[in-house]
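Visitor: Please take a close look at the salt bridges, and describe the setting of their partners.

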Amino acid sequence: ITVLKQNNKTVLGYVSLGEVNEAAAHFPRIKDVTLGENEIWNSYILDIENEETRQALMEIFDYNMKKGLDGMFLDNIDNYTEFGPTPEKKEELLSFLQSLNIIYPNIYLMQNAGVSIIKDTNEYINSVAKESIASDYDFKSKKYQLRNNEVFTKLLKELDVEFKKYEIPVVLIEYADTPELMEAIKERLGQTTWPYFIGKIELQSIPDNK
């Protein structure tokens with residue numbers, strides 16, 4: 001972390017506020033109060049209203065902030081939108097974010113996805129990440145491809161509206177498995193000024209480029 005902070009303005013840890021994987025350290029503690037399974041990622045849907053769950057999540061923030069991180073990347077926020085499994089828990093998500101800002105007034109929070117509830121979360125977060133605007137990964141076929149241009153344009157406009165309305169910084173995350181697809185994604189994103197990352201779906205490597 002010390003080395004990262006010497007070379008980067010902001011260094012974030014990772015936590016999902018919507019799901020928990022079986023490999024996570026806090027899974028045994030809250031597995032009996034989860035609300036269902038996401039089979040794609042072998043993870044379980046969190047009940048952020050549950051007090052034991054909230055306490056387990058808060059301890060993750062405590063641990064990471066004490067290590068010297070500037071903040072956290074908040075995954076699976078889209079679970080609390082009308083497109084996710086727990087939209088009825090949105091108010092509990094907001095109260096958790098509010099608590100974080102009280103306990104850690106200088107914490108940097110990057111929301112992943114959940115564009116439709118930025119109107120609710122924007123006062124608690126510092127930036128938003130959005131996956132797969134230009135690209136589209138099919139989990140069933142494990143195929144990387146470009147999005148339909150009409151869908152790409154729609155997603156881009158929706159995000160741009162929130163960006164301008166709330167002046168919230170945006171980072172894009174895209175997926176490709178070949179240099180050709182990577183270049184096609186770059187060409188599409190050339191119409192934006194937002195920073196972006198292009199990698200394979202596991203985010204641990206980039207497309208091979210000879």
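Salt bridges and their surroundings

Guide: The side chains of D120 and K119 form a salt bridge, with N and O 3.8 Å apart; the term requires a side-chain nitrogen of Lys or Arg within 4 Å of a carboxyl oxygen of Asp or Glu. D120 is buried at a relative accessible area of 19%, whereas K119, at 48%, is partly exposed. Here buried means under 20% relative accessible area, exposed over 50%, and partly exposed in between, with a 1.4 Å probe and protein chains only.

The model is predicted: local features need pLDDT of at least 70 and side-chain atom pairs pLDDT 80 or more, while totals for chains, interfaces and linings use all residues. Residues are numbered from 1 along each chain as its sequence is written, and side-chain values use heavy atoms, without hydrogens and water.

The structure holds 11 salt bridges in total. In one of them, D47 meets K89 at 3.1 Å, N to O. D47 belongs to the loop between β4 and α3 and K89 to the loop between β5 and α4, so this pair ties together parts 42 residues apart in sequence. These elements are DSSP runs numbered from the N terminus: helices (H or I) of at least four residues and strands (E) of at least two. Both D47 and K89 are buried, K89 with a relative accessible area of 11%.

K89 also forms a salt bridge with E49, the closest N and O atoms being 2.7 Å apart. E49 lies in the loop between β4 and α3, so its pairing with K89 ties together parts 40 residues apart in sequence. E49 is partly exposed, at 42% relative accessibility.
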